Amino acid sequence: MGDGQHKETQGEALLEVLGLKTYFHGDEGIAQAVDGVTYRVLPGETLGIVGESGCGKSVTALSVLGLVPMPPGFHAGGRILFRGEDLLQAGEARMREIRGNDISMIFQEPMTALNPVFTVGNQIMETVMLHQGLDKEAARQHAIAMLEKVGIPSPEQRVDEYPHQLSGGMRQRVMIAMAMACSPSLLIADEPTTALDVTIQAQVLDLIGELQEREGMSVLLITHDLGVVAQTADHVAVMYAGKVVEYGTVEAIFKEPRHPYTIGLFHSLPDLAAPGERLATIEGIVPSAFHFPSGCRFRTRCPLAGERCAQEVPELEAVTEDGEHTAACHFLEEARALQVES
Amino acid sequence: MLHYIIRRVLWMIPTMLGILLIILGLLHAAPGDPAMQILGIGGGGGGEMTQDGADIEARLAKFKRDNALDRNFLVQYLGFLGPFNVKPDGHELFGGDGRNPWGGFLVLDFGTELFDKNKQIGDEIRHRLVEVTLPLALMSTFLIYMIAIPIGIFSANRAGSRLDKLLTLLLFILYSVPVFWAGLMLILAFGKGGLGWLPVIGLHSRGADELEPWPYFVDMAQHFILPVIVTTYGGLAYISRQMRSGMIEVVHQDYIRTAKAKGLGSRAIILKHALRNSLIPVITIFASILPIMIGGSVVIEVVFDLPGMGKYMYEGLLTRDFNVIMATMTLLGAMTLLGILLSDIAYAIVDPRISYS
Amino acid sequence: MTKVMDGEPAAESAPTTGPRGATYSKDYWDLVFDQLGRNRLFKLAAVVLTLLYASAIYAPLIANDRPYVLEAANYAEYNKAWRTLYPASLGLGSVAKKTPEEYLAGRTEGSDLSYAQALENERMAVETQLATMKLYLAAERAAALDALLGDVEELVALAAGTAEARSDEDLERIKEQHGAIKDQAKAVRAEYEARDPEAEAPEAATEPEGATESVGLELQGIRSYPMFESIAAWESFFMLLWLALMSWPLWNRFWNRALLGGDRERIRRARRQKLAATLAFSLLGALLWGQFVGGSSSLNLAPYKQALTEGEIVETQALFPPVPYGFAEAHSTELYRPPTWTSESEIDEEGYYARGPRRAEPDAVTGFMPSANPVVVRFGESERNAASRHWMGTDSSGRDFLTRMLWGGRISLSVGLVSAFLLVIIGTIIGAVAGYFGGWIDLLISRFIEVVLCLPALLLIMMAAAFVDPNLIPPIFSIVILIALIRWTGVARLVRGEFLRLREAEFTLASQALGFSSARTIFLHILPNAMAPVLVAGAFAVAAGILTESTLSFLGLGIQEPMPSWGSLINDSKSSEHWWIQVFPGFLIFVTITCYNQVGDALRDALDPKMKKH
C-alpha cells in the first residue's frame, strides 16, 4: 500500500477499510484516535488487529458498524467498503439492516454486554425476529438451536435463564450465539477473551474458529494478546497510536517482525527458554491521543529514532517483494539488525 | 416469589411493634410530664382551663388513672398494643374490673378521644382516610409516575440541549419549594384574594349538600385540585430527576451498545432495553419518598383545611390527645410500611436479579 | 510490554504519600475545589448563602432600635435626680443624728439593717443623685456638687466615728454639718433645675449657662454607643469570623507570598494553620469585645426611641441603623400594615387607610366612623407614608416585619446548620460502628434504623416537639436536638454502606496487617474515604433542617412568640389579605433551601470518584 493511494482489490475482500480517520472532540482539543488506517478482511479468513490499549483498534471496529458515539466522535475521512458498499455513506436505516445481520459484533465484557433484565433466549430471539421476521415460536426454536451450536448444555432450560445466572464463559458463548443467529458474513470480535480465564479463553477461541469454518464466515479479531493472534489469525495488522505500523501474514510477522514497535512487542514476551531473565520493556508510555508526537508517532520510544522521524510520517512500505508484508518505518534496514538481537 | 412476599410480610410484624415502641417512647422521652401537658398545667399548651391548688392534684391523678397514664411504660405499651385493656375497667390481669377486658390496636380498637369520650377514633380515622387522605395520596402517586417517567425519558433523550438544561433547572427549583409555602402561595394566587379561580378551603363549599350528585362531585373535585398539585409537585420533581439521571446512566451501559450492534432502532432501544432498567431504581425510590409524602400530607391538610387523617393528628397534637396521636401515628407508620413493602415487591417482580435471596 | 492506562499520560498530580495514609487527599481536594469553581450555580448559591448568613450575623447592626451613637442629655433622669437630692439629704440627716440605739429602736419592721449599713445606704442615695446630675453638667457647675459631696462624706465619717459614744458636742457638730448640707441642697434645688424637656429647645445646645433665662439649665450631652454595647461577645465572635472568612482571598494571598514564599507544598500544608488562625482571631476578638464593650443582647424594648420622641432625652447627635426598629417593638397604631411602598398602605392623618380593602368608611346605617387612631412616628423612623418606613409591612402587633425577618434568620439559619452538624456526627459514628464491626451489633443497629425510617421524620419531630415542655427546654434547643435525634438514621445507613464496602478494600487489610487498632483504622483510614457522600448528605441535611424548623414553627409547634423565626413569622396570619406575611419569609426559606440543595448537588458532582466531566 503506497501513500495516499489505496489499492482497491475488486471483488476479493469482504471488508476494506481505506484510510479511515475517526477523531474525537475533547476538552484538550481533537484526539486523532484512528488516523488513516487501511486494512482488509478476505472472505473466510481472520484478520487480527493487535496493539496496546489506546492505539485505536477498538475504534476502527466500532467505526465499521457505526457504533462510535457521534457527539464527541466524527469521521474525518476514509471509506469502509463492505462488499463494495461504502458504509460511511450508508444511512442509519441501511446500517440497521446490516448490524446483527450481515456484520455482527461481540464485545469484551460479557458481564455487562447482556441486558440483565431480559432472558438470554429473549435477547437472541430479538435479532432473528428483527432481521428475519420469524414469529415467536420459530425464533425460540432457533435460539435453542443457536445455544446448542455454541456448546451450551441443556439449551432448552438455559434459554429462559437470565444473564446473571450464567458464568462468564457461558455468557460469552451466548454473545456469540446472539451474534451468529442471523448468519452474518463478518464477525467482529473486540477483545472477546480478555475478561475470561485462560482455560475459557481457549474454549471460546476454539468455538469461534469452529464456527468460522462451518459457516465460512470472516472474523475481524481485535486483541492486545499476541498469543491469541498466533492461534487464530491469518493476517495481522499491528496498530500504534492510531496508525497501522505493520501488516502481513501471521507467519511473516511472527517470524520476521520489521517495525521497531513490533519487534519490541515480541521482545517483551517472556521467553520460556531463558527463565529468570529480566523482562524487556519498551521505554516510555503510549502518548495521549490529544498530543501525538510529530512525524512518526513511535519515535519517542524508538531506539532507532532519527531526525527524519520527527519531520516525516513514515508510510507503509513493502518489506517483501510481493508486497504482502508491509511496515511503516524510515529505518527498516536498521530495524532488521535490531530484530536479530535478542 | 411467594416465599419472598411471605417473608417480607412476616418481617412487618416486628417492625410494627418497633414502630409502636418508638412512638410511645418518644412521647414519654420528651422532657415534661405528658399528663400535665395534656391538661395544660404548668405551662404546656392546650387542654382545659386550670383551677387552683389541691383540686389540680386530684384531677391530675384521676385523669392519669382513667387513661392508664399512671402505669409504667411497659404496661402502657401493652395497653396500646392490645389485646388487653389495661384501664381501670379492663382485664383482671392488669387490675381492672373486667368489664372491658379487650382493647388495643391488635383488636383494631383505637379507643376514644381523651376529651370527648363519645368520639370513636377508629370511625373518625376511617372516615377521614377514605374521604381525604387516601384519595389524595393515590391520585398524587398516580400523577407523579404518569408525568415523571415521560419527562425523564424526554429529558434524557435530549440531554445537554438547552431545553433539557432549562427543564433540569425548573425541576430543581420545584423540588426545593417548601410544601407549606407552596400551598400558601397557590392559595394567594388562585383563591379569593388573587385570581379567584379555585376554592381554597376545605373539601366542600358551603351548602354543597344541597347540590345534585354531579355538581357536588365537581365542587369536590375543584377543592381537590390545589391540594393534589401541592402533594404532587415535590415527588414529581424528585422522580423526574432520578428518572433522567438513571436513563442517562443506563444509556451508557454496554448492553445498550450491544442492542445497537444487533441492529435495533433507537426507539426500541430506549423503550425496551433502557426503560426497563431505568424504571427499577425509580420504583424503589418510591419507598423512600413515601414517608416524606405522608409527612407532607399533614401540612397540606392543615394549610387547605381538609378533614383528613393528617389534620386529625395535628389537632390531636394541639390538644395533646394521647389516644388520637398514638392511633394516627401508628396508622401513618403502618401505611408507610405497607408502601415500602409494595415497593419492594414491585422491585422483585421487575428485576430478575432479585428474587430468592 | 508495559500496560498503561488508556491513552492518558501520567497525571501531574500523582498521589503523594505522607506520614499518614490519608494525605493523598490533598490533591484530591485540589481537584474538588477545581470542579466546584467551575460550577456557576454553585458559586451563585454560595454567594447567596454568604449574604444570608451575613444578614443574620449582622442583624443587630442592620435593624435595631438602639442608635449606633447617641450624644444626648437625659433630662428626665437629671430632673429626677435633682428632685430627689433634697429629700435624700434629709434622710441622711435623720439617720446621722440618731445614735445606733435610737436608730435600732425606731427601725421599721422587717428591716435588718445595722446602723452602719443604714448610714451607708443614705450616703449612697445622695451620692447617686449627685453623680447622675454631674454627668450632664459642665465642669464649673459640677464643682459645686463636689463640694457638697465632700461635706456629705464628712458628715458620714462624723456620724460613724461617734457611733459608739456620742457626746453632746458631737451631736452639735453633726447637726451643724447637716445644716450646711441642707443649705447647699436647697441652693442646688433653686439653681440647678434643668429645663422642661417638653418645652422648646433652644437652637444652640452649647451654651454652658442657660441661667440667664429662667427656663432652666441646658444640659450637656454624654456620648454612648448603645447598639454596640448591646452586642454580646458570642455575637461579635461570629461577626469577626465572617469578616475573616470573607477577607480570606486578601490575607491568604499575603500569607502565601510573604510567609510561605509561594511554595505550593508549604501552601497546601498551611491550610490547617490558616483555619486555626481564623478561629483564633475571632475568639480573641470576641474575648476582647466581651471585656471592653459588650453587654448582653437582651430582649428589652430599649426605650431610646420612645424617650427621644417624648423629649425625655434631647439629642445633639443620634445615628440610627438603616432599619430603626427592634424585633419586639410594637406599633399599636399600625397593626398588619401592608408594605409602605404599596398604594394600599397609605394612611391619612387620622389613622385611616386611604384606599384598598381597609379603607374606613362611615357605617351605612349610623354614619359612625371607627375611632381615629393616628399613626405615631417615633424618633428616627421614616415619615408616616414614606416607602422606606416599613419595607415589608408589619405583623399582628405592629412590629416591623423586615426587622423580624432579619432577626428570625438567625434562628432559622442556625437551627439548620447546627442540627445538620449534630446529626452527621451521630450518624457517622453509629454507621461506622455498624459497618465496621458487623455481626450482631450491625444487625441490631440496622434493624433499629429500618424501623425508624418507616416513620415520617417530620411527624415524629412534630410529635416530640408538641410534648416538650417549653419551660424546661427552650424550643430552639429542643428542635435542634429532636431533628438530630431523629434524622441521623439516613446518614448512618449511608456510612454503614460505605464502611461495608471499604472494609473489604485492600488498604483496610493492609492497615490491620500492620497491627493498627480498630479505632485507628476507622478514623484515620476508612473514614476519610467515606466522607464524600457524608458531606453531600450534610448539605442536604441543612436544607431539610431548615424546612423542618420552619414547618414546625409555622404549625405552631416550634419557636414560640416573641422569638422570631421565618416559619413562625408566617404563622402570624393565614389570611390572604396579609400577603406580605406569607410571601416574604417563605421566599427566604425557599431561597435558602434551594441554595443548600444546589451546594449538595455540586458537592456530589465534584466528589464523584469517577470525576466524570460532561
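Predicted model: local features only at pLDDT ≥ 70, side-chain atom pairs only at ≥ 80, totals over all residues.
Me: How many residues of domain 1 of chain A are in contact with domain 2 of chain A?

Reply: Residues are numbered from 1 along each chain as its sequence is written, while chains are lettered from A and ligands numbered from 1 in the order in which they are written. Two residues are in contact if their C-beta atoms, placed from the backbone, lie within 7 Å. Domain 2 of chain A brings 21 residues to these contacts, and the number from domain 1 of chain A is 26.

Me: Which strand of chain A gives the most to the side of domain 1 of chain A that touches domain 2 of chain A?

Reply: Helices (H or I, at least four residues) and strands (E, at least two) are DSSP runs, numbered from the N terminus. Strand 2 (29-41), helix 9 (226-232) and strand 9 of chain A each supply at least two residues of this side. With 10 residues, the element that gives the most is strand 2 of chain A.

Me: How many residues of the side of domain 1 of chain A that touches domain 2 of chain A are nonpolar?

Reply: Ala, Val, Leu, Ile, Met, Phe, Trp, Tyr, Cys and Pro count as nonpolar, Asp, Glu, Lys and Arg as charged, and the others, Gly among them, as polar. By these classes, this side of domain 1 of chain A has eight polar and four charged residues, and its nonpolar residues number 14.

Me: Why is strand 9 of chain A described as largely enclosed by the rest of the structure?

Reply: A residue is buried if 20 or more other C-beta atoms, placed from the backbone like its own, lie within 10 Å of its own C-beta atom, exposed if 12 or fewer do, and partly exposed in between. Both faces of strand 9 of chain A are covered, with A:His235, A:Ala237 and A:Met239 buried on one side and A:Val236, A:Val238 and A:Tyr240 buried on the other. Strand 9 (residues 235-240) of chain A is largely enclosed because its buried residues number six of the six.

Me: Which residue is the bridge partner of A:Leu47 in strand 9 of chain A?

Reply: Two strands pair if DSSP finds at least two bridges between them. Strand 3 (residues 46-50) of chain A and strand 9 of chain A are joined by four bridges in the parallel sense. In strand 9 of chain A, the partner of A:Leu47 is A:His235.

Me: Which residue in the turn between strand 9 and strand 10 of chain A has a positive phi?

Reply: Strand 9 of chain A pairs with strand 10 (residues 243-249) of chain A in the antiparallel sense over six bridges. A:Tyr240 lies opposite A:Lys243 of strand 10 of chain A. The two strands form a hairpin with two residues between them, and the turn residue with a positive phi, of about 50°, is A:Ala241.

Me: Which residue in strand 4 of chain A is the bridge partner of A:Val17?

Reply: Strand 1 (residues 15-26) and strand 4 (residues 73-82) of chain A run antiparallel and are joined by eight bridges. The partner of A:Val17 in strand 4 of chain A is A:Ile80.

Me: Which residue in strand 5 of chain A stands opposite A:Leu81?

Reply: Strand 4 and strand 5 (residues 85-86) of chain A pair in the antiparallel sense over two bridges. These strands form a hairpin with two residues between them, and A:Arg83 in the turn has a positive phi of about 50°. Opposite A:Leu81 stands A:Asp86.

Me: Which helix supplies the largest share of the side of chain A that touches chain B?

Reply: In this interface, 22 residues of chain A are in contact with 17 residues of chain B. Helix 2 (92-98), helix 3 (110-113) and helix 4 (120-131) of chain A each supply at least two residues of the chain A side. The largest share, four residues, comes from helix 4 of chain A.

Me: What percentage of the residues in chain B are buried?

Reply: Chain B has 12 helices and zero strands. Its C-alpha trace spans about 85 × 55 × 40 Å along its principal axes. Of the 357 residues in chain B, the buried share is 39%.
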